[in-house]
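Visitor: I would like to learn how to read a structure like this one, feature by feature. Could you take me through it slowly?

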Amino acid sequence: MIKEGFTIMDYKINKINDYKWEIEKNEKYGMRVPGIIFADRQLLDHAASEKTIDQVINVATLPGILKASYAMPDIHYGYGFPIGGVAAFDEDSGIISPGGVGFDISCGVRTLRTNLNIGDIKDRLQDIMSILSFNIPKGVGSKGKIRLSKNQLMQLLKEGVGWAIRNGYGWEEDKYFIEENGCMAGANTDFVSSLAMDRGMGQVGTLGSGNHFLEIQAVDEIYDTGAAESLGLEKDQIIIMIHCGSRGFGHQVCSDYIRVMQQSAIKYGIKLADRQLACAPVSSPEGKRYYGAMACAVNYAVVNRHCLAHWVRAAFEKFFGKSSEKLGLGTIYDVSHNVAKIEEHDVDGKLRKVCVHRKGATRSYPPGNKDIPDKYKSIGQPVIIPGDMGRYSYILLGTEKAMSESFGSTCHGAGRLMSRSKAKRNIQGSELKKELFDKKGIVVMAGSMAGLAEEAPQAYKDVTRVVDVTHFAGISKKAVRLRPLGVLKG
Amino acid sequence: MNSKKVGKKYKYIDHLSDIGIEFYGKKLEELFENAAVGMFSIMCDLELVKPQEKRNIKISQKDSCYEDLLVLWLERLLYLYEVDDVLFSEFKVGGVHKKGRNLVLTAEISGEKIDLNKHKIKIAIKAPTYHMLEIKRDDRYCDWKGRIIFDV
């Protein structure tokens, strides 16, 4: 166990309060700022035991980093940046790092509400899941129902969901409930490689595999009645949650630019503690090119989730024999939790443009913020937190405190507890599937039983513990708890 | 374990979020081949993949080291797997050599069109990473040894 105020393994941890800890700035490691970890004691000890704090320290060495290298309570060991890491860099003197966004650019979560409740579906869950499974392209190497030409893909990358809506996917109003209204500015296809284009043409509207999923969930508990009303949610109501990202297109964009930035780091004299942290100044030609390509991948990811939502609507229409409008299948919100964005934040009393990297972290904007939909102006931005397939997921709300404490950021999920190989050794996918059904009535459909074992609830931290930290630290606020009824995995 | 004696090509390394391999080779060419075998073995059982479809690959990278070339090589294999729908199981690296300022690799690779019923793919790999990436000579067990972590 880590003792605060003592130097353990060459770094010193100071307790700020029960939910916030400081890794003291140590120039020996080249730290330019301290580290800040939002965690309770148990989560902190876990992070320290797996050397994740070393990764928080490594990020603190990067040029132009402001205030601190942050870690959210779902922090776990990644490669380069920790998963659950947040770092903001000055737009003029700071860097942008593809590794600080990750390979699955704009991996994120979309939620749809319905006007159904548990009673409407509980006896027919298996049938609905079968129809969804048939309608949703998923699994390793899955190809979509949409095959795009290069020109069509270029339009999609520039326009985001505007392209999808124009082509008959989704509703016009959906875009108001997506970060950046479904189209990230600055997307420039000139900076995307032909390899990324090749990989992107066949995968629009595919769920993929790994930790990506589609779930039917029920509202299990409401913490904030007024907020739940604004979200259009009440107890036992059915919602749909879609978790996926930019597929091979985003992976290729990230790979291309990590390679470019191996050279940039040398060119700009940036010392790297880990080669995966490769970066270039935000204002450099390399930095701008990456930003333009990354924005394309963000647009790809939101269109991907948008098309999946379209097919969810189609499946529900077919099953219930009613239009998706009549079924109330509106978008609650869509968040990206692997992204870098230029945002304005208060730094030492001055508003500055900064490049905020969120790698496994979610934007958490407060009530009244100009970038959140009018519908939610009074409650704050919905923050969608997927948990694990056996316990809970949450909808949180952004707070003013997140703006001052964490560059408007909070956690993104439960965070891994067990390595994939350990999960596979200890858990049988088929037994897990049976147990979830027998004990909790959860219907699980998965393409791979080994893949399912890796995503078992016990392989993850308890998401309730994680969101409680963000709630008590004040960087997001609990609104609604959701529990899974049906789980679709790639 | 003496990898040279038992002819071990690679072994898995545990990583919390992702998965890695350590791989071996008497020559650099073999090292690159075994890294590819290790990567595709993470994705599926290679014994089920027939070497029917052939591709020739030539990659080159300026001002780079063996590690950089390795990442590029594995990325290119993932690209071909994804775009052509082919799982690869046999890799013959013809050469890894310097040409001016470039490091060049040529290879012939073979595999089979993906058949989801037959191949039972275990997991998708997003990309090879530079985290903990290493290639070095290891005289105790074999001549070359490498390590790479994949994002899965």
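**Helices, sheets and contacts**

Guide: Let us begin with helix H3(B), which lies across S3, S4 and S5 of chain B and runs at about 145 degrees to S3(B). Helices (H or I, at least four residues) and strands (E, at least two) are DSSP runs, numbered from the N terminus. Two residues are in contact if their C-beta atoms, placed from the backbone, lie within 7 Å. Axes are lines fitted to C-alpha atoms, for helices over the stretch in contact, and angles run from 0 to 180 degrees between N-to-C directions. This is a predicted model, in which local features need pLDDT of at least 70 and side-chain atom pairs count only at pLDDT 80 or more, while totals for chains, interfaces and linings use all residues. Residues are numbered from 1 along each chain as its sequence is written, and chains are lettered from A and ligands numbered from 1 in the order in which they are written.

Visitor: In what order do the strands of the open sheet of chain B come?

Guide: In a regular strand the side chains alternate between the two faces of the sheet. Here three strands form an open sheet in the order S3-S5-S4 of chain B, with antiparallel pairing, where two strands pair if DSSP finds at least two bridges between them. Strand S3 (53-62) and strand S4 (86-99) of chain B are the edge strands, each pairing on one side only, and neighbouring strands of this sheet are turned by 20 degrees against each other on average, direction ignored. S4(B) and strand S5 (residues 102-113) of chain B are joined in the antiparallel sense by twelve bridges, and in S5(B) the residue opposite Phe88(B) is Gly111(B). H2(B) packs on the sheet as well, touching S4 and S5 of chain B, and its direction makes about 155 degrees with that of S4(B).

Visitor: How do H2(B) and H3(B) cross?

Guide: Two packed helices are described by the angle between their axes and the distance between the axes. The axes of helix H2 (residues 28-43) and helix H3 (residues 66-84) of chain B come within 10 Å and cross at roughly 40 degrees. H2(B) and H3(B) are therefore oblique to each other: angles under 35 degrees count as roughly parallel, over 145 as roughly antiparallel, 65 to 115 as roughly perpendicular and the rest as oblique. The residues that meet include Phe32(B) and Met39(B) in H2(B), and Trp73(B) and Leu77(B) in H3(B). The residues of this contact of H2(B) with H3(B) divide into ten nonpolar, no polar and no charged, where Ala, Val, Leu, Ile, Met, Phe, Trp, Tyr, Cys and Pro count as nonpolar, Asp, Glu, Lys and Arg as charged, and the others, Gly among them, as polar.

Visitor: Which strand does S1(B) pair with, and in what sense?

Guide: Strand S1 (residues 10-14) pairs with strand S2 (residues 19-25) of chain B in the antiparallel sense over five bridges, and a hairpin of four residues joins S1(B) to S2(B). Lys11(B) has Glu22(B) in S2(B) as its bridge partner.

Visitor: How many residues does each chain bring to the contact between chain B and chain A?

Guide: The size of an interface is often given as the accessible area lost when the parts come together. Counted by residues, this contact takes 27 from chain B and 34 from chain A. On the side of chain B that touches chain A, H3(B) gives the most, with five residues, and the residues of that side divide into 14 nonpolar, four polar and nine charged.
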